[in-house]
Every structure is written in C-alpha cells, then in structure tokens.
Amino acid sequence: MNAPAETRKFEAEVAQVLHLVTHSLYSHKEIFLRELISNASDACDKLRFESIAHPELLAGDGELHIDVNWDPAARTVTVRDNGIGMSREEVVANIGTIASSGTRRFLEAMSAEKKADARLIGQFGVGFYSAFVVADRVTVLSRRADLPAGEGVKWESDGQGEYSLEQVELPERGTAVVLHLKADEGEFLKRWQLRSLITRYSDHVAFPIRMPEEKDDKPTDEFETVNAASALWTKPKSEISDEDYQSFYKSLGHDFNDALAWTHNRVEGSQSFTTLLYIPAQPPFDLMMGGRDERKGLKLYIKRVFIMDAAEELLPNYLRFVRGVVDADDLPLNVSREILQQNRQLERIKAACVKRVLDLIEKLARDEPSRFATFYKAFGNTLKEGIAEDHANRARIAKLLRFASTKSEGAAPTVSLDDYIGRAAVGQDTIWYITADGYAAAAGSPQLEAFKAKDVEVLLMADRIDEWMLGSLDEYEGKKLKNVAKGELPLDEVDKAKQEEAAKVAEPLLKKLKELLGDRVGDVKISARLTDSPSCLALSDYEMAPHLARLLREAGQTLPESRPTLEVNPAHALVQRVGTEADEAKARDLATLLLEQAEIAAGAPLPDPAAFVQRMNRLLLG
Ligand code: ADP
Ligand code: MG
C-alpha cells in the first residue's frame, strides 16, 4: 500500500498555537525536552499495555526505552522511542490537522487577562509543539508497532503553517523526533546540557532514558542510561527524598512549581494497592472546568503497567486538583473504562484516595498554617463543592472550611466553624452567617448591626459558591447555620417586648410607608436587625439572596418575581421624617429612597437607576 507524498496546512488553531509558542516562550525554552520525553514515555506505556493482549508487538525488541541523541555537525537533537508509534492517520490527527480541545484552551489561557505561563503547555495536551521553540524544522519518523516496515511515515514542518507527509521505510517501530535547531540554540548540542535537563525534568520517567557516551564532543555508539528509570511509587518511602518526590510531581503534572504536599501509601491485604497523591501549589489550568471535560491528572497502573488516566473513576469532582498515581495489584489487566466504572474494588480504592487526601489537608490545617492558607486560597472554593457532592465526608470537609467573620481581620478566610463555636456564648445554638457579592458588601451590610451590638459573631460569606454550598450545610456539630437576613431573629424576652411596643407605636408609619411604596414591596416591618441604618431588606426562609437572584438572571435564568420585605429602623431620623413629612410627593421620594438604599446594600439591581438619581438630587436640593 502506497500513500502519496503530500503537503497539508495546519488547522487554524494549531497554527495559532505554533505562533504563540514560538513568540512567547523565551525564558524556559528547555521545556521542549521534557515534553518530547513525556510523549516518548507515553508511547512506551501504550505499547506495554497493548502487548499484554498482543505479545508479538514487542517481538525482537522487548526492552522499551527512550534515546536522546545530538549531532553537532547536522545541528540536530533527536528523541527516539521504541514505543507504540503512529500510523499516517494518527500522525495527521495527533500532530497536524485536528485541533484538540486543549489547543483552544491553551489559546484562551494564554490570551486571558491573567496570562498563563507558557511552560504549562504540557497541561493543555499540546506539548509536542514546544519543539518549535528551539527548532526551525522538525522531522517526525514514526512506524506503528503493528504495521510493516514499509509503512513508516515521515512528517516534516517548519512550523509556519504547513507540513509534509511521506511514506518511508522504517525497520524499527516507534517514533523519532528530530529537531533541526535554530541558529542561536547551539547550547542544546552539548551532552552535559541535555543530560542535566533530563536529570532535572525527567529523572523519574519509568523507562530508561539513554544517551550515547561522548568522545571529542561527539556521540559514540555506546549508550548509557542517564535517569533513575524506575517507578518511584514502588520504592519504600524511606528511600525517597523530598527532591525525588518533587521531581516526580513535576514530570507527572507538567508543572514547574513544587507540589504543596503529598501522601504516599501502600495498602496490603485482601486487596493491595499503592497511592501517591499530590496537591499542587497553584490551581491547574483546568480547575474551573468542573468535570465538563475529560479529567486528567491521576494515572491508574496495574502491577506497574500504565492502564489509563482514571481521574474521573478514582477521585470525586471536588478533589479534581489532586495529581498522582494509583497502582493496583489485583485488578484484571484487561479492564476497560466501562468495567472500571462498576468495579467494586475500584470503589474501595477511590474511598481510600479520598481519605488520604482529606487526611493530608487536615494535617496541613493542624500543623502548617501557612501552607494550609496557600492550599485554601488555591482550592478552598473547590473543596466547598464537596459539601454538596460527598455526603459521607460532609462533616470532615466542613471542619476544613474557613471564612472571614465579623471577628476576624480583613477578607482572609481564617475562621473555622469550630473557632466560631468555641467563641460563641453559652446557649447560642445557631451559627450566623451573611452572604453577599464580595467581602465589602458582606462586612458593611446593615443586617449585621444588631449582631454587632450584641457581640454575636457572624460569618461573612462572600464567594459565589457559598450560597450554593449552604444549601447542603444547614447544620454543623448540632448547631443550625442561619442567614442573618432571613426570617425572624430570635429575640430574648426583653427585646421582644420592646419590639412589640415599637411596632405598635410605629403602626401608622408602617401603613404610610406601605401606601407610598405600593407594589414595589411585599411588606414593610419594624426591624430588629438595625441599630444605625434606616432600612434593610429581609428575606423569608426560602427566598434567594438578592445578589444571587441578580447573578442568575444575568446568566439568563428566569426566576419568579418576588416583592421584597422592607425593614425599617423607627429610631432613625430619616424614617421619622417620612412619618412627619406633610408634602406627599416628598414623602414618597423619601420612602422610595429608604427602599432603594436597602436594595443597593443587598446587591439587588435598581429597577430604574435614572429615576433614583433624579429622586436623590431633588431631595439634596429641596
Ligand atoms: P499530549 O501528550 O498531552 O497528548 P502532545 O502535544 O504532547 O499532547 O502530543 C500529541 C499527541 O501526539 C499525543 O497524544 C500522541 O498521540 C502523539 N504523539 C506525540 N509524540 C508521540 C510519540 N513519541 N509516539 C507516539 N505518539 C506520539
Ligand atoms: Mg505530551
């Protein structure tokens, strides 16, 4: 079978990635080597897996390895593997025409306001293109392990928009990527330089990475292995240094930062398995995608053979930031994703992974406050999803949550629910909170006034996910969680009597306000929440917070219209003015402003901002 030589155009998005990569990766060009070795290692993994069912694929060349070679005369660096290889169609699909979802995401991340670091390219599934950072021409020679020598393929491109394809004779299976280095990239033609990059970025690739010995600055035919070439997680913990753990993390996660923490465990018994799980120090780029796409980051091995990326099968969504390896002894090697999803043993491994990660976070919270703060800043909001997602661990997760409060400094989330309970007055059986769109809106809310006056702490929930999370967290350690803006406040006997008295006195005033405001309000009441402000909104127990309703409407949802309940402070001069104002038009302006300032403070949209401004100006001048 002979396919014609041809030239094709890169898909538009691939061309954009190439442009970006060549124009924005100046400072850490060397990552190309890690990415190419990572692909070679994946190719060896794939062949080892396929050879379980088809041992003949390994025939004649059973030892999988990766060779890194350089040629000073030709000015090339070559990364070669004897892994699975690619057919012509696969070459086209994987490194040419078809843009993967990662291609688009990489472009988005790089052009987003907060520019992603180009060194993260491998996390986006477009690591191959980093070859063009140092090369002005790249040649790929590849032959799939199950195809004859005559069906090798040669792919070549200068990264400018086109690539050529040609059928060639390749006696050995696998893939060679040949980089024709740019004129000023001569530093990569030195053995020690390549070797130190391998040590730095790829030491813990599980296959041998080999380099030729050197004589007179030139490579010889003698190869030696230059990396550790073993599965790190299979070693006893005592033989693994922190540097080993960190360097394994970096190649596993395509990250260049150290991991924040890790947990490495071996379970022996009726079912034996090893887990090595990392928490990154910074959010991976796909953190916010929340399971919409296929999740990566946790590799499943069975008896040291890589089976598949099984993040979705082994970790719940709210722990999607975890990276790592699970190696099981007792699963059948021929598992498919479908089988995995209903496998009981796997359920147990998953539960163990969750437990290990929560143990690790608890340990950080207990022993390492500053690292815990880093964790919480990066992943606190992701963890909150677990309150709704993981009933079995809800209490453990709730214990790990931190919030700002009326008794903490600034916006930093530092108060745990246990801190709150520890400080609460004897007999206080409610954990009070307020939700708002942002810390300032929460901290400045008039609804907090009565609580401050009585020295009752209120948690300030300012993240969008909080409201949603609280739907699944109405109790902690036997105490109810309640929103200060909702329903009746529990008043002690003295307050209650005062409140009833005030309501009686204010009855004509309330009647007047209701008439003036007409159908803009559902009801007007005397407030027990206010001490300094004239007015605020109150919600019924089942009503959605106004800032949240606004967000949902802006996102296109239709919500039932509900008219707010206005609460007023009869001791406030402005409220009293409404009662005494004889001019009806002026009284209506004043009453409407009382409502509108309550709406603004609660993050509700003003129905008619222009009318609001006119009204305010009339009163300022009158
Ligand atoms: P990723 O490795 O995240 O999939 P890359 O851009 O690094 O993204 O590689 C794209 C694809 O090209 C790989 O998924 C693989 O299918 C193919 N590929 C790259 N290098 C090799 C290789 N050495 N052997 C076999 N396939 C390869
Ligand atoms: Mg890759």
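Helix α2 (residues 31–53) packs against helix α6 (residues 191–202) at an angle of about 65°, and their axes are 10 Å apart. With that angle, α2 is roughly perpendicular to α6. The crossing of these two helices is right-handed. As you explore, please keep in mind that this is a predicted model.

## Salt bridges: an overview

Side chains of opposite charge can pair when their charged atoms come close. How many salt bridges does the structure hold? The count is 42.

Some charged residues join up in a network. Glu50, Glu90, Arg144 and Asp146 are linked in this way by salt bridges.

Let's start with arginine 34 and glutamate 35. Their side chains meet in a salt bridge, with 3.4 Å from N to O. Are these two residues buried or exposed? Both arginine 34 and glutamate 35 are buried.

Next, find lysine 384 and aspartate 466, whose side chains form a salt bridge at 2.7 Å, N to O. Lysine 384 belongs to helix α11 (residues 369–389) and aspartate 466 to helix α16 (residues 464–470), so this pair ties together parts that are 82 residues apart in sequence. Lysine 384 and aspartate 466 are both buried.

Lysine 399 has a relative accessible area of 39%, so it counts as partly exposed. Aspartate 418 is partly exposed as well, because its relative accessibility is 32%. To be called partly exposed, a residue must fall between the cut-offs of under 20% for buried and over 50% for exposed.

## A nonpolar patch on the surface

Now turn to the surface and look for Met616, Leu620 and Leu621. Together they form a nonpolar patch there, with about 360 Å² of accessible area.

One of these residues, leucine 621, is found in helix α22, which covers residues 609–621. Why does leucine 621 count as exposed? Its relative accessibility is 80%, and the cut-off for exposed is over 50%.

Technical notes
Residues are numbered from 1 along each chain as its sequence is written. Chains are lettered from A and ligands numbered from 1 in the order in which they are written. This is a predicted model: local features need pLDDT of at least 70, side-chain atom pairs count only at pLDDT 80 or more; totals for chains, interfaces and linings use all residues. Side-chain values use heavy atoms; hydrogens and water are left out. Patches are made of residues with over 30% relative accessible area and no salt bridge: like charges are joined within 9 Å, nonpolar side chains (Val, Leu, Ile, Met, Phe, Trp, Tyr) within 5 Å. Accessible areas come from the Shrake-Rupley method with a 1.4 Å probe; for residues, only the protein chains shown count as cover. A salt bridge is a side-chain nitrogen of Lys or Arg within 4 Å of a carboxyl oxygen of Asp or Glu. Helices (H or I, at least four residues) and strands (E, at least two) are DSSP runs, numbered from the N terminus. Buried means under 20% relative accessible area, exposed over 50%, partly exposed in between (1.4 Å probe, protein chains only). Axes are lines fitted to C-alpha atoms, for helices over the stretch in contact, and angles run from 0 to 180 degrees between N-to-C directions. Angles under 35 degrees count as roughly parallel, over 145 as roughly antiparallel, 65 to 115 as roughly perpendicular and the rest as oblique. A crossing is left-handed if the near helix is turned anticlockwise from the far one by less than a right angle, and right-handed if clockwise.
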